[in-house]
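Please read this briefing beside the sequence and the structure, which are shown just below. The text begins with a single residue and then goes on to the chain as a whole and to its parts.

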Amino acid sequence: MRFTSAIKTVAIGFALYASSGAALAQAGQGADATKKAEAAARAEQNAKTMGQDAAIKLPPATVPADPQNIWDLDLSSGGRVRIQLRPDIAPNHVERIKQLTRQGFYDGLKFHRVIPGFMAQGGDPKGDGTGGSTLPDIAAEFNPMPHLRGTVSMARAQEENSANSQFFIVLLPRMQLDKKYTVFGRVIDGMQYVDAITPGEPPANPSVILQASIESDGKPPVTALPTPPAPTVATPASVAPAGKKAAKRK
């Protein structure tokens, strides 16, 4: 009897273990299913968010040519370079470029740092990379536009919000600059004249911006710097005859 009872006890134990194991397995499967469902929901939400972010943040690669937003640089290296400005991605930088251009700030400035296969930098009135305009520096407007060949971007010091007047034109793609410097335009015509800018840091005989203008202002191309007026030679004043001394009265 005791032996039979022991067998029954073991059988009941196995049955309980089996049923509890099945329950645990069922619970585990349920937890896995819940986790999978949650992960799928998160992935779907992330995809929607990324799609919304992309729609908001990614500007068009190109925009229609608008004379009010085309920056013309007449270079001593051969001709006019036309740059499509992008106020849609860097409005404050474009406004600064227009303001300085219309003041004649860039006329006659040198490309003081030109590295073959990298970029050509100009816009410094000192000509050594340390100068700028008298206007305050501009806060960075980093954007998703890549630094491709022909991209025009704003130079700055180590401080992100230190751009002022200097800019550089990219000669070959440099993606490591993306979102670290503010892209504000791209060359749409005349890249061959950019390629012809004299290299050097600084160049021995630097290329010069003969004239910078906004295309809607209608300034004709300039092919040479204006000849400075000849120095005027001071004409010596004619010597007036000395007046007779008054006779002394006795």
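Is K179 buried or exposed? K179 is exposed, with a relative accessible area of 55%, where buried means under 20% relative accessible area, exposed over 50% and partly exposed in between, with a 1.4 Å probe and protein chains only. This is a predicted model, in which local features need pLDDT of at least 70 and side-chain atom pairs count only at pLDDT 80 or more, while totals for chains, interfaces and linings use all residues. Residues are numbered from 1 along each chain as its sequence is written, and side-chain values use heavy atoms, with hydrogens and water left out.

**The chain as a whole**

- The protein chain has three helices and eight strands, where helices (H or I, at least four residues) and strands (E, at least two) are DSSP runs numbered from the N terminus.
- Read from the N terminus, the order of these elements is α-β-β-α-β-β-β-β-β-α-β.
- The protein chain holds 250 residues, of which 33% count as buried.
- Its accessible surface, computed by the Shrake-Rupley method with a 1.4 Å probe, comes to about 15,800 Å², and 59% of that surface belongs to carbon and sulfur atoms.
- Among the contacts (heavy atoms within 4.5 Å) with a separation of 6 or more, 71% are between residues 24 or more positions apart.

- Helix 2 covers residues 91-102, and its 12 residues should span 16 Å at 1.5 Å a residue, which agrees with the 17 Å between its end C-alpha atoms; the expected span is 1.5 Å times one less than the number of residues.
- The buried residues of helix 2 are H93, V94, R96, I97, K98, L100 and T101.
- These buried residues pack against strand 1 (70-75), strand 2, strand 5, strand 7 and strand 8.
- After helix 2 comes G104, which has a positive phi near 80 degrees.

**Salt bridges**

- The count comes to seven salt bridges, each being a side-chain nitrogen of Lys or Arg within 4 Å of a carboxyl oxygen of Asp or Glu.
- One of them joins R82 and E215, whose closest N and O atoms are 2.9 Å apart. Because R82 lies in strand 2 (residues 80-85) and E215 in the segment after strand 8, the pair ties together parts that are 133 residues apart in sequence.
- R82 counts as partly exposed at 22% relative accessibility, and E215 also counts as partly exposed, at 23%.
- Another salt bridge is formed by the side chains of E201 and R113, at 3.2 Å from N to O. This pair links distant parts of the chain, with E201 in the loop between helix 3 and strand 8 and R113 in strand 3 (residues 111-115), 88 residues apart.
- E201 is exposed, with a relative accessible area of 54%, whereas R113 is partly exposed, with 32%.
- The side chains of R149 and D195 also meet in a salt bridge, at 2.7 Å from N to O. Here R149 belongs to the loop between strand 4 (119-122) and strand 5 (151-154), and D195 to helix 3, so that distant parts of the chain, 46 residues apart, are linked.
- R149 is partly exposed at 33% relative accessibility, as is D195 at 41%.

**A buried glutamine in a loop**

- Q166 is placed in the loop between strand 5 and strand 6, and Q166 counts as buried at 9% relative accessibility.
- The side chain of Q166 makes a polar contact with the side chain of H112 at 3.4 Å. A polar contact is a pair of N or O atoms within 3.5 Å; within protein, one must be able to donate a hydrogen and the other to accept it, and residues adjacent in sequence count only if both atoms are side-chain atoms.
- A polar atom of the Q166 side chain also lies 2.9 Å from the backbone oxygen of G131.
- Beyond its neighbours within four places in sequence, Q166 is in contact with residues including Q121, G122, D124, T130, M154 and A155.

**Backbone details in two loops**

- The peptide bond from E201 to P202 is cis, with omega near 5 degrees, and P202 is found in the loop between helix 3 (191-195) and strand 8 (209-214).
- K179, a residue other than glycine, has a positive phi near 60 degrees, and K179 lies in the loop between strand 6 (167-170) and strand 7 (183-189).
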